[in-house]
Amino acid sequence: MRKAKITLRDVAAKAGVSPSAVSRAFTDGASVSPAMRARVEAAAAALGYRPNALASSLTTGRSKLIGLVANNFQNPVFLEIFDQFTRGLQQMGLRPLLVNLSDVSDIEQAAAMLRQYSVDGVVVASSTLPAGLVEQFYEEGVPVVHAFGRHDPQARVNVVGIDNHAAGRLAGETLIARGYREIGFLGGPEGATSTQDRLAGFRAALAEAGLSCRARFVPAYRFEAGQAAMSAELSAGPAEVYFCGDDILSIGAMAAIGAAGLRCPDDIGILGLNDMAMAAWPNIRLTTIAQPIEAIVGAALALVVRLSEYPSPQAEAQMFPCHLVERASLRPLTP
């Protein structure tokens with residue numbers, strides 16, 4: 001037989017208190033004595049009662065929902081990112097409200113959905129911030145944190161990520177140190193700030209060594225895009241090595257190299273960026289520039305929660321350093 005649902009009134013009757021006292025006992029910050037709270041919790045435990053989170057949000061004005069907004073679900077690295085986000089939120093007693101902007105051209109529509117659920121804050125996990133999204137929330141006092149975004153001191157946007165210009169510079173220095181001279185760049189969407197900044201840093205490092213590079217861009221960070229771009233490079237006459245703006249582009253490029261009967265790094269070297277889990281697979285072993293995803297996600301969550309409790313008019317930026325992860329897709333350093 002199906003058990004009857006335990007209600008707040010059942011707990012009140014069991015504890016011998018009023019329903020309002022039970023409600024206060026399960027409301028963060030509500031005025032209730034330790035003895036009363038213990039009495040209510042004991043009654044709730046005995047009955048197997050679980051407070052209704054949605055009802056509690058009506059009392060506190062806090063939904064404990066954090067909006068997670070992204071637009072690149074085709075890239076496997078975002079599975080790792082969302083795994084980190086959701087586990088981090090659960091550990092903080094919060095829940096995610098996921099918004100996929102891949103097919104949403106109307107930012108106002110996406111923002112309206114987040115407002116409908118009264119999110120306490122929003123984290124945008126994308127290299128390029130959707131235009132107008134921050135303004136949708138700024139006037140309402142809902143904090144927005146841009147994870148993996150570009151820091152602009154003039155913008156009123158909270159950012160947690162890496163310095164993509166520095167990451168590009170590290171890529172250039174890495175290839176120069178290995179003796180490469182004919183160098184190419186395979187980037188993501190040309191309009192993405194991550195592509196622009198990584199290429200600018202890359203070119204700056206090459207220029208200091210008297211070198212330059214040719215650049216090719218793809219419309220999305222996808223395996224097929226990297227594969228097609230490298231196939232086009234092979235047809236045109238490839239460079240010695242390529243810095244790809246993302247690991248999934250790199251893996252696509254490596255697939256095209258193998259399909260052409262060539263070897264990596266003996267014939268063509270590949271350097272990625274991200275250090276997603278797939279990059280370490282035995283059949284890939286991609287040398288890449290790692291961005292600290294776990295640290296960035298943790299900092300973004302801590303920041304959005306702090307700002308939801310203690311709003312600040314000053315935008316905050318937290319930038320993390322990158323480092324090279326040496327595997328097998330570049331020629332080794334010579335002594």
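Let's begin with colour: pLDDT is the predictor's confidence in each residue, from 0 to 100. This is a predicted model, in which local features need pLDDT of at least 70, side-chain atom pairs count only at pLDDT 80 or more, and totals for chains, interfaces and linings use all residues. Residues are numbered from 1 along each chain as its sequence is written, and side-chain values use heavy atoms, with hydrogens and water left out.

Colour the protein chain by pLDDT: the average is 87, and 91% of the residues score at least 70. Helices (H or I, at least four residues) and strands (E, at least two) are DSSP runs, numbered from the N terminus.

Next, select A15, in helix α1 (residues 8-15). A15 counts as buried because its relative accessibility is 7% (buried means under 20% relative accessible area, exposed over 50%, partly exposed in between, with a 1.4 Å probe and protein chains only). Beyond its neighbours within four places in sequence, A15 is in contact (heavy atoms within 4.5 Å) with R39, V40 and A43. From A15 to A43, 28 residues apart along the chain, the C-alpha separation is 5.4 Å.

Now show the open sheet: six strands with parallel pairing, in the order β2-β1-β3-β4-β5-β11. Strands pair if DSSP finds at least two bridges between them. At the edges, β2 (95-100) and β11 (317-320) each pair on one side only.

Finally, zoom in on β5 (residues 158-162), which four bridges join to the parallel β11. Pick G161 there: its bridge partner in β11 is M319.
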